[in-house]
Amino acid sequence: MNDQQLITNLRQRLDEGLTDLPDRVQDRLAMARQKALQHRHESRRQGWLLGHGLLRPILATAILVAALGLTDSYLQGQNEISEMAAVDSDLLIDDLPPKAFSDPGFRAWLEESSEG
């Protein structure tokens, strides 16, 4: 006996016993069946993700990844700003005035002194 035959046989036996039940019990069973069918229909309409409750964890994970990515970008930007500020402050507190660095003779002097 395959699954479909077993289901059909079981349904026939349950239907045979249904007529022996009191009306009140039959009404309650009919309401329960209707409610189950409605729930099944709503689950299918919501889709697989919503029906199985997977949407919230997926969204939470996506938001967390986005927040971590933004935080990393922000921290890298802050690090670059700190490095540029350190270079600027070193230039300003140096003995040479900042205009000396743009002088062509200074560049030649740097090249000569680094070779020797």
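1. Let's start with Leu 96. In this predicted model, Leu 96 sits in the loop that links helix H4 (55-93) to helix H5 (104-115). Its relative accessibility is 34%, so Leu 96 counts as partly exposed; the buried class is kept for values under 20%, and the exposed class for values over 50%.

2. Together with Val 87, Leu 91 and Phe 101, Leu 96 makes a nonpolar surface patch of about 300 Å².

3. What about helix H5? Its twelve residues should span 16 Å at 1.5 Å a residue, and the C-alpha atoms at its ends are 17 Å apart, which agrees. Of those twelve residues, the number buried is one, so H5 lies largely in the open.

4. Now for the chain as a whole. How many helices and strands does the chain have? There are five helices and zero strands, and read from the N terminus the elements run α-α-α-α-α.

5. Of the 116 residues in the chain, buried ones make up 2%. The chain exposes about 10,800 Å², and 59% of that area is supplied by carbon and sulfur atoms.

Notes. Residues are numbered from 1 along each chain as its sequence is written. This is a predicted model: local features need pLDDT of at least 70, side-chain atom pairs count only at pLDDT 80 or more; totals for chains, interfaces and linings use all residues. Side-chain values use heavy atoms; hydrogens and water are left out. Patches are made of residues with over 30% relative accessible area and no salt bridge: like charges are joined within 9 Å, nonpolar side chains (Val, Leu, Ile, Met, Phe, Trp, Tyr) within 5 Å. Accessible areas come from the Shrake-Rupley method with a 1.4 Å probe; for residues, only the protein chains shown count as cover. A salt bridge is a side-chain nitrogen of Lys or Arg within 4 Å of a carboxyl oxygen of Asp or Glu. Helices (H or I, at least four residues) and strands (E, at least two) are DSSP runs, numbered from the N terminus. Buried means under 20% relative accessible area, exposed over 50%, partly exposed in between (1.4 Å probe, protein chains only). The expected span of a helix is 1.5 Å times one less than its number of residues.
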